[in-house]
Amino acid sequence: MGWRDFFSNRVETSDTHPNENLKTRYYKTTQQQAMRFLKDLIEQDSRLRLLSYSEEHAEITAEYIKPKKAFMVISVIMVFPYRTAVDFTISTQTLWPTDWGFSRNQVQYFYRKLDGRFEFAGTGLGAQKG
């Protein structure tokens with residue numbers, strides 16, 4: 001974790017992210033199964049409020065209402081049959097230039113939940129050639 005990771009109130013996962021914990025994660029499941037699982041997690045979490053759920057756009061949006069105000073976008077794309085990529089963008093509303101790792105920790109929380117439900121296929125696979 002570098003200084004840039006610490007002094008931020010926003011985190012976005014990607015295939016080429018320099019932090020291994022924030023690389024796009026791929027699972028052996030369908031887009032619909034992953035999206036429904038994530039929707040259920042959000043609906044069961046009293047810290048969160050589901051804002052939108054669109055299988056057509058492969059996107060879920062939610063907001064954190066506690067302990068901090070934050071906005072989350074989850075993109076779930078099936079890149080091959082039973083190979084689905086899950087990416088997160090979380091932006092925290094704060095007066096400080098950092099959210100003290102809150103957004104990064106939330107991404108890791110959701111990835112752990114996905115790891116416990118679906119077979120993990122790898123990270124950053126979209127950046128690999130061949």
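In strand E6, Ala85 is the bridge partner of Tyr26. This report starts from that pairing and describes a predicted model.

**Strand E6 and its partners**

Strand E6 covers residues 83-92. Seven of its ten residues are buried, so E6 is largely enclosed by the rest of the structure. The bridge between Tyr26 and Ala85 belongs to an antiparallel pairing of E2 with E6, which runs over three bridges. Strand E1 (residues 10-12) also pairs with E6 in the antiparallel sense, again over three bridges. Here Arg10 stands opposite Ser91 in E6. Strand E5 (residues 70-80) is joined to E6 by ten bridges, and these two strands run antiparallel. Phe88 in E6 is the bridge partner of Ile74. E5 and E6 form a hairpin with two residues between the strands, in which Tyr82 takes a positive phi near 55 degrees.

In a regular strand, side chains alternate between the two faces of the sheet.

**Aromatic rings**

The model has six aromatic pairs. Two of them are listed here.

| Pair | Distance between ring centres | Angle between planes | Class |
|---|---|---|---|
| Tyr27 and Phe120 | 6.0 Å | 65 degrees | edge-to-face |
| Tyr109 and Phe110 | 5.2 Å | 85 degrees | edge-to-face |

Phe110, with a relative accessible area of 1%, is buried. Tyr109 and Phe110 form one aromatic cluster together with Phe88 and Tyr111. Phe88 is also the residue of E6 that bridges to Ile74.

**Charges over rings**

Tyr111, a member of the cluster, has the charged end of Arg25 over its ring, 5.4 Å from the ring centre. In a second case, the charged end of Lys39 sits over the ring of Tyr53, at 5.1 Å from its centre.

**Glu43 in helix H2**

Glu43 is placed in helix H2, which spans residues 31-44. Its relative accessibility is 47%, so Glu43 counts as partly exposed. Between Glu43 and Ser103 there are 60 residues of separation in sequence, and their C-alpha atoms are 19 Å apart in space.

How values were computed: Residues numbered from 1 in each chain as written. Predicted model: local features only at pLDDT ≥ 70, side-chain atom pairs only at ≥ 80, totals over all residues. Heavy atoms only, no water. Helix = DSSP H or I, 4+ residues; strand = E, 2+ residues; numbered from the N terminus. Buried < 20%, exposed > 50% of the residue type's maximum accessible area, 1.4 Å probe, protein only. Phe/Tyr/Trp six-rings, centres within 6.5 Å; stacked < 30°, edge-to-face > 60°. Lys NZ or Arg CZ within 6 Å of the ring centre and 35° of its normal. Pairing = 2+ DSSP bridges.
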